[in-house]
Amino acid sequence: NTPAGPRALEDACPHKGGPLSDGLLGDDCVTCPLHGRRINLETGEVAGHPGERVATLPVFERDGWLYVEIEP
């Protein structure tokens, strides 16, 4: 969760596919546990690596539950 609300990202770092769900959160970023790349939770952009990004997924709340919209 960020100050702007909950966020969801694809669970693979674009560098080597590191599992972002195992990364550390801080400063509106998740840090890849394999090589330390920081991914912005809002935009999916990888800090210091122009053009690299992770897919961001829409999150919405309904009846007190959070849902992540994924495409089939």
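Mentor: Happy to. Strand β6, residues 59–62, pairs with strand β7, residues 65–68, in the antiparallel sense over four bridges. Strands here are DSSP runs of E with at least two residues, numbered from the N terminus, and two of them pair if DSSP finds at least two bridges between them. Before we go on, this is a predicted model, where local features need pLDDT of at least 70, side-chain atom pairs count only at pLDDT 80 or more, and totals for chains, interfaces and linings use all residues. Residues are numbered from 1 along each chain as its sequence is written, and side-chain values use heavy atoms, with hydrogens and water left out.

Back to the strands: β6 and β7 make a hairpin with two residues between them. In that turn, Asp63 has a positive phi of about 55 degrees. Across the pair, Val59 stands opposite Val68 in β7.

Now look at Phe60, which lies in strand β6. Phe60 counts as partly exposed because its relative accessibility is 30%; that class falls between buried, under 20% relative accessible area, and exposed, over 50% (1.4 Å probe, protein chains only). Setting aside neighbours within four places in sequence, Phe60 is in contact with Trp65, Leu66, Tyr67 and Glu69, where contact means heavy atoms within 4.5 Å. As for Glu42, 18 residues from Phe60 along the chain, the C-alpha atoms of the two are separated by 14 Å. One general point to keep in mind as you turn the model: in a regular strand, side chains alternate between the two faces of the sheet.
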